[in-house]
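Let us walk through this structure step by step.

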Amino acid sequence: MEQGIIIEGVGVTYQTASGTFEALKDVNLKIEPGEFISIVGPSGCGKTTLLNVLAGFLKSNTGQACLDGKPINGPGPERGVVFQQYAIFPWLTVVENVAFGLKLAANKTAHDRIDEIVDHFLELVGLQDFKKSYPKELSGGMKQRVAIARAYAVNPQVLLMDEPFGALDAQTRQFMQESLLDILEEEKKTVVFITHGVEEATFLSTRVVVMASKPGRIREVIPIDIPYPRKASVKTTPDFVKIRAEIDKVVREEFQKQRQ
Amino acid sequence: MESDKEGGLMTDHSSRDAVIQTFKAVKKRQQIEKIGYFIASFVLVLVVWEVGRATHLVNPKLFPSFAAVCRAFVQFLKDGTLLAHMYASFVRVLIGFSLGIVGAVILGFLIGWFRVVRLIVDPLVSFFRALPPIALIPLMIIFFGIGETSKIIVLTYASFFPALVVIYQALIGLEPIYGRAAQTLGANNWEMFRKIILPQLYPHIITACRVSLGVCWATLVAAELIAAQKGIGAMMVEAQNFFQMAPLVLGVLLIGVISLVMDSIVRAIERRATAWQEKRT
């Protein structure tokens with residue numbers, strides 16, 4: 001049985017008023033366990049569609065995506081999702097949000113274990129002082145850390161992140177990127193990360209996937225050979241700047257093509 | 001270290017507490033002011049009332065003094081008739097309102113869930129919603145007589161449709177992202193309903209109760225005015241028949257006061273249930 005995520009010949013088409021729209025065409029990608037894959041590309045290239053297929057929200061018309069040899073047919077706790085719009089439950093406190101998944105029948109967990117796990121992940125994301133707070137009392141960055149802790153709590157193999165830091169200001173974003181790497185250093189996961197930011201993708205990933213549009217497809221997969229743990233200072237090193245420029249060039253080309 | 005980068009205000013506990021203190025003080029002052037104006041507005045009505053009688057702007061024979069109304073209140077309270085009337089009215093409202101709300105919640109969910117039910121029920125809802133409950137009273141009296149059944153049916157009807165519309169609107173306006181998030185954590189259908197949909201609907205159900213209770217109460221008096229031996233409406237009709245103006249005005253005031261009290265009770269529940277919501281004020 002093959003470990004990790006295998007995307008084979010995945011195609012997704014939508015019927016629209018003006019005809020058939022090919023959101024994804026023949027996408028192939030193999031993701032090893034523990035990899036951090038970022039997906040970048042112009043809007044409309046199918047990044048989110050691909051993530052939705054992996055999350056199980058969307059069925060592909062052709063091909064198949066598998067996790068550890070099992071075809072993905074719907075959402076499930078082995079694939080945690082972190083959404084751009086936070087999506088933490090506003091009617092629950094921080095603790096209750098993180099404990100939510102653990103109290104479901106699918107992840108049956110003993111009561112005292114729940115407290116332990118919740119405490120552990122709240123500490124990991126640095127929110128141990130905000131246990132009883134409601135989401136409306138938290139900043140955007142804090143909300144997203146609750147969402148990460150909530151996804152982590154049910155111990156998924158894969159984290160699917162859809163522009164998770166897209167709604168945050170530049171400073172917070174920077175900080176969240178470092179936090180995410182710290183968290184992954186503690187608890188390794190396979191990550192698929194959608195972003196518009198080439199710098200963000202370069203900083204976080206083991207490989208960056210650049211997608212092209214019309215039809216949505218993979219244009220290029222670029223490995224980032226910079227050792228972990230990475231700190232923010234790495235962004236100014238020659239190696240980083242070089243790879244970043246390389247990815248930027250490809251993304252820019254795709255962006256230009258789309259505008260024509 | 002991260003608190004330095006994010007939300008510096010949060011870590012400065014002393015200044016944060018000071019801000020909360022001032023905020024609380026301002027809120028308290030505003031509250032006292034509000035109560036003051038509340039009392040003042042009723043005093044104003046009383047003044048207009050008595051001045052109107054004194055200057056014969058309104059006929060004093062047709063409109064009793066406030067003191068006379070108070071005397072009527074005390075007298076009715078003593079001989080027990082007032083409580084009997086109020087009890088009869090409350091029981092009717094409670095039964096009709098409860099049946100209406102339960103029905104509205106159930107049908108609301110069916111409409112929100114099944115497209116077929118929505119398509120069939122939608123036009124009917126638009127029709128019946130526009131039909132005032134009072135219009136049903138004569139028909140119900142012929143069908144069910146002047147007993148409790150006809151009144152309770154009218155009250156159930158009165159509370160059912162406003163509640164249905166509120167719940168149905170809330171259901172189709174639910175944020176799908178919370179359901180998606182729950183699915184990725186492994187929630188099954190029952191858990192989705194109980195842990196995601198119900199908590200989001202809860203505030204709307206209370207709003208539905210508030211609207212329905214108001215409509216129900218208004219309809220009740222109309223139903224009692226036409227046919228009832230007991231109830232506040234019946235008490236008013238009796239007073240009208242014997243040209244007793246003080247009990248008649250007392251009835252009007254009581255209806256207003258009871259509505260107000262019931263509404264503030266539901267509002268208090270609403271505030272507690274929606275503490276988590278971000279208020280846009």
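The contact between the chains takes 38 residues from chain A and 25 residues from chain B. Contact here means heavy atoms within 4.5 Å. This is a predicted model, in which local features need pLDDT of at least 70, side-chain atom pairs count only at pLDDT 80 or more, and totals for chains, interfaces and linings use all residues. Residues are numbered from 1 along each chain as its sequence is written, chains are lettered from A and ligands numbered from 1 in the order in which they are written, and side-chain values use heavy atoms, with hydrogens and water left out.

How much area do chain A and chain B bury between them? The value is about 2700 Å², with 67% of it on carbon and sulfur atoms. Buried area is the accessible area (1.4 Å probe) that two parts lose on being put together, summed over both. In chain A, the residues that lose the most area to chain B are A:W91, A:K136 and A:F175. Together they make up 26% of what that side buries.

Now look for polar links. Across this interface the rule finds zero salt bridges. A salt bridge is a side-chain nitrogen of Lys or Arg within 4 Å of a carboxyl oxygen of Asp or Glu. Three residue pairs, both at pLDDT 80 or more, are in polar contact across the interface of chain A and chain B. A polar contact is a pair of N or O atoms within 3.5 Å; within protein, one must be able to donate a hydrogen and the other to accept it, and residues adjacent in sequence count only if both atoms are side-chain atoms.

Turn to chain B and its helices. Helices (H or I, at least four residues) and strands (E, at least two) are DSSP runs, numbered from the N terminus. Helix α10 of chain B, residues 189-226, has 38 residues. Its end C-alpha atoms are only 48 Å apart, short of the 56 Å that a straight helix would reach at 1.5 Å a residue. The expected span is 1.5 Å times one less than the number of residues. Find B:L198: a kink of about 45° lies there, shortly before the proline B:P199. The bend at a residue is the angle between axes fitted to the seven residues ending there and the seven starting there.
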